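Q: I should like to learn how to read a protein structure, one feature at a time. May we begin with the strands?

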Amino acid sequence: RPIEHFKDVVEWMIHNKLNPAFARNDPVYTIAVRKLDDVVQGYAGSKFMSSAWKAEFLEALKKYPDCTKIDVPTMHDRKCEACGRSGHPAKHQLTFSGNPYDRESLEDVFSDDEEEGEGTDDPESESHSPQTHVKAFFLGRTCNANAETAHALHHWRHQLNQFVLICLRSEGHLAPEKILERDRWNTKKKEKYANGVVDEMEANGQMKDLYREFKQNLEIAREAKNEGNYFYGRKG
């Protein structure tokens with residue numbers, strides 16, 4: 001069932017943070033990710049990603065995990081930079097940013113001329129993954145709305161992972177003293193601890209809340225007609 005696959009995906013994310021030596025390639029996890037990804041990407045590919053979009057724009061949309069929009073006065077002398085069609089004046093500036101990441105491990109990917117900083121992957125930390133990568137485009141109304149939703153759908157695992165990290169921090173699991181304490185544990189103890197956190201998230205309703213929002217976002221995407229949509233509490 002979809003909810004069971006969703007729980008497996010969240011469990012993978014919790015272990016990935018608290019028990020990194022876990023069996024990350026276990027078929028239970030890989031099947032869960034594939035099943036949910038097939039559903040989500042079906043929306044992104046069939047409805048929101050236009051074949052008219054330029055390669056540079058589509059590459060940036062898929063590459064960078066963060067997305068922000070600024071409304072601008074209609075620029076009649078400037079075509080939409082996604083599709084390049086006449087009669088589609090730019091009305092918004094859409095900016096893709098953040099570090100590129102591996103879609104399997106969700107870890108940041110650095111090019112040869114970059115060095116990984118000493119920041120934490122806590123999304124609430126100021127030292128988290130400095131956003132040195134920025135790509136901005138001026139877009140028409142329709143392309144902007146579709147791009148916001150397509151971006152959210154394409155990066156659904158990354159966004160979900162950020163919310164899981166926020167949940168872990170709010171419960172104190174990412175406090176410096178907790179991290180140091182776990183560093184002294186063996187793998188078996190870390191596994192038991194991570195499993196306990198999964199059980200805790202199910203017991204306190206956090207897992208259901210995340211899944212409910214996941215389903216609502218897909219319904220919003222299903223019914224969307226050229227309007228930007230929310231995904232895990234964030235705009236597009």
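Q: In which sense do strand 2 and strand 3 pair, and over how many bridges?
A: The model before us is predicted. Pairing is read from the bridges between two strands, together with the sense in which they run. Here strand 2 and strand 3, which covers residues 134–139, form an antiparallel pair over six bridges. Within this pair, Thr95 stands opposite Ala136 in strand 3.

Q: Which sense describes the pairing of strand 1 with strand 2?
A: Strand 1, residues 66–79, pairs with strand 2 in the antiparallel sense, over eight bridges. Here Thr68 is the residue opposite Thr95 of strand 2.

Q: Why is strand 2 described as largely enclosed by the rest of the structure?
A: One counts the residues that are buried, a term that requires under 20% relative accessible area. In strand 2, residues 89–97, seven of the nine residues are buried, and the strand is therefore largely enclosed by the rest of the structure.

Q: Why can the span of helix 4 be said to agree with expectation?
A: One compares an expected span with the distance between the end C-alpha atoms. Helix 4 comprises residues 141–154, and at 1.5 Å a residue its 14 residues should span 20 Å; the end C-alpha atoms are 20 Å apart, so the two values agree.

Q: Which residues have the most contacts inside the largest nonpolar core?
A: The largest nonpolar core has 54 residues, and those with the most contacts inside it are Ile14, Trp53, Phe57, Phe96 and Leu160. Helix 1, residues 2–18, gives the most to this core, contributing seven residues.

Q: How many cavities of 30 Å³ or more does a search of the whole structure find?
A: Rolling a probe the size of a water molecule over the atoms shows where empty space is left. In this structure the search finds one cavity of 30 Å³ or more. The largest cavity holds about 30 Å³ of space.

Q: Which helix gives the most to the lining of the largest cavity?
A: Helix 7 gives the most, with three residues. Helix 5 (156–170) and helix 7 (187–203) each supply at least two residues of this lining. The lining includes Cys167, Leu168, His173 and Glu200. By kind, its residues divide into four nonpolar, three polar and two charged.

Methods
Residues are numbered from 1 along each chain as its sequence is written. This is a predicted model: local features need pLDDT of at least 70, side-chain atom pairs count only at pLDDT 80 or more; totals for chains, interfaces and linings use all residues. Side-chain values use heavy atoms; hydrogens and water are left out. Buried means under 20% relative accessible area, exposed over 50%, partly exposed in between (1.4 Å probe, protein chains only). Helices (H or I, at least four residues) and strands (E, at least two) are DSSP runs, numbered from the N terminus. Two strands pair if DSSP finds at least two bridges between them. A nonpolar core is a set of buried Ala, Val, Leu, Ile, Met, Phe, Trp, Tyr and Cys residues joined through side-chain atoms within 4.5 Å. On a 1 Å grid over the protein atoms alone, a cavity is a set of points where a 1.4 Å probe fits but cannot get out, and a pocket is an open set with protein on both sides within 12 Å along at least five of seven lines; lining residues have an atom within 4 Å of a point. Grid points are joined across faces, edges and corners, and a volume is the space filled by probe spheres set on the points. Ala, Val, Leu, Ile, Met, Phe, Trp, Tyr, Cys and Pro count as nonpolar, Asp, Glu, Lys and Arg as charged, and the others, Gly among them, as polar. The expected span of a helix is 1.5 Å times one less than its number of residues.
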